[in-house]
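Keep the 3D view open as you read.

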Amino acid sequence: MEQNAAIHIIVIDDDEVMRMSCEQILVKQGFDVELFDNGISGLERIRQRQPDLLLVDLKMPRIGGIEVIQTVHDLNPDVIIIVITGYATVDTAVDAMKAGAYDFLPKPFTPDELRLIVQRGIERRQLHAHSVALRHEKEKMQRQYITFVSHQLQSPLVAVQQFLEVLKHLGDAPNKAQLQEEWINKSLHKIKDLLALIRDWLKITKIDSGTLIEKTCPIDVIEVIQDIVETFRDQAQEKQLEINVSLPAQIEPILCTEECIHALLENLVVNAIKYNRHNGVISITVDNINTHVQITVRDTGIGIAADELPFIFDEFHRVKSGATKHISGTGLGLTICKKICDEVGGSIAVESSEGEGTTFTVQMPKFGQV
Ligand code: ADP
């Protein structure tokens with residue numbers, strides 16, 4: 001009732017009894033009500049202050065209801081217009097609807113009928129306002145998002161541009177050859193980061209559009225893990241990492257695509273290498289869990305602070321700390337992992353303890369079982 005005070009209703013009807021009874025019923029409901037006995041003064045007021053809802057008689061002298069409806073609808077199509085009429089034929093109903101009316105209330109009506117139709121109209125207006133607000137919010141977020149992504153792509157390019165400027169102005173520096181090599185290496189490094197960013201970004205767009213996960217089939221996850229371990233063995237060796245893989249005697253195929261499960265597990269293994277300590281350990285285990293296959297990737301690395309954990313699957317989120325400062329990455333790897341899991345009805349979870357290590361647990365549905 002209290003919130004109705006903010007809802008403004010205008011009643012236009014040349015029949016005084018009708019106006020008074022509408023007012024009595026609606027004011028009792030707490031609405032802010034104004035009455036007019038003809039279309040001209042009603043429209044004058046509406047031009048000054050547009051109501052949330054208009055109740056208008058169809059048959060009035062001087063200017064008829066249809067004209068009022070048309071004018072109000074042109075002024076603001078969001079005003080809910082309810083037509084009161086004593087001669088509701090199909091033709092007049094169609095005309096009023098065409099002109100922009102929302103509903104009809106045939107005379108005579110009971111207080112309950114009026115209350116119900118007004119309530120429905122108000123709800124409809126609020127629903128519409130809510131969806132418009134949501135659409136605006138979404139558009140705003142999309143605009144901000146495009147700016148944000150452009151900025152992420154632009155930063156390494158700007159860095160390369162600056163490095164090239166430095167190279168160009170080296171002049172006759174005594175150690176020119178050495179400086180040249182230094183700045184060229186820096187540039188190559190930034191370009192590598194940029195390419196990784198674009199590669200991951202394209203992967204995300206492909207997942208979002210559904211094309212990466214289009215053709216799911218039975219996948220032997222063990223083969224994928226063995227392949228990844230082989231590929232990254234040298235990189236792990238550089239940090240003297242031990243990689244332990246524990247596999248069950250038998251495991252059923254999972255539902256995914258080769259490319260997706262490869263991308264997912266590769267991200268987890270690469271992170272377990274990147275964020276591990278020297279002489280650390282990486283443990284990969286595979287288990288049967290009812291309808292799913294569970295894969296865990298555990299490391300003995302720097303770990304993730306508890307207040308960072310809720311954000312690590314967000315796009316471009318990278319933990320900023322002394323320990324991660326010199327580790328390069330796109331901040332998109334875990335987003336890709338999460339999106340792939342969501343697409344096939346799987347899940348990914350993380351547990352971590354700062355300075356001790358991190359465990360990622362992935363569950364993927366078995367083929368033909370979910
Ligand atoms: P990045 O390319 O930066 O590694 P990810 O999306 O893969 O991006 O990971 C997001 C962030 O989560 C990383 O920047 C890092 O701070 C943190 N993170 C991910 N995996 C680990 C891990 N195994 N150990 C510690 N921190 C991790």
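Asn290 sits in the loop between β9 and β10 (strands are DSSP runs of E with at least two residues, helices are runs of H or I with at least four, and both are numbered from the N terminus). Its phi is near 50 degrees, a positive value in a residue other than glycine. At 67% relative accessibility, Asn290 counts as exposed; the cut-offs are over 50% relative accessible area for exposed, under 20% for buried and in between for partly exposed, with a 1.4 Å probe and protein chains only.

A word on the source: this is a predicted model, where local features need pLDDT of at least 70 and side-chain atom pairs count only at pLDDT 80 or more, while totals for chains, interfaces and linings use all residues. Residues are numbered from 1 along each chain as its sequence is written, and side-chain values use heavy atoms, with hydrogens and water left out.

Gln240 also has a phi near 50 degrees, again positive in a residue other than glycine. You'll find Gln240 in the loop between α7 and β7 (242–246), and it is partly exposed, at 45% relative accessible area. Another backbone feature is the cis peptide bond from Lys107 to Pro108, with omega near -10 degrees. Pro108 belongs to the loop between β5 (103–106) and α5 (111–168). Why point these out? Most residues other than glycine have a negative phi, and most peptide bonds are trans.

Setting aside neighbours within four places in sequence, Gly280 is in contact (heavy atoms within 4.5 Å) with Gln240, Leu241, Glu242 and Thr300. Gly280 is buried, with a relative accessible area of 1%. Now look for Glu67: its C-alpha is 81 Å from that of Gly280.

What about the inside? The largest nonpolar core has 53 residues, and Cys256 and Met364 touch the most other members. Such a core is a set of buried Ala, Val, Leu, Ile, Met, Phe, Trp, Tyr and Cys residues joined through side-chain atoms within 4.5 Å. Elements giving it two or more residues include α6 (176–208), α8 (258–274) and β12 (357–365), and α8 has the largest share, 10 residues.

Finally, zoom out. The protein has 9 helices and 12 strands, and its C-alpha atoms fill a box of roughly 95 × 65 × 35 Å along the principal axes. Buried residues make up 42% of the 370 residues.
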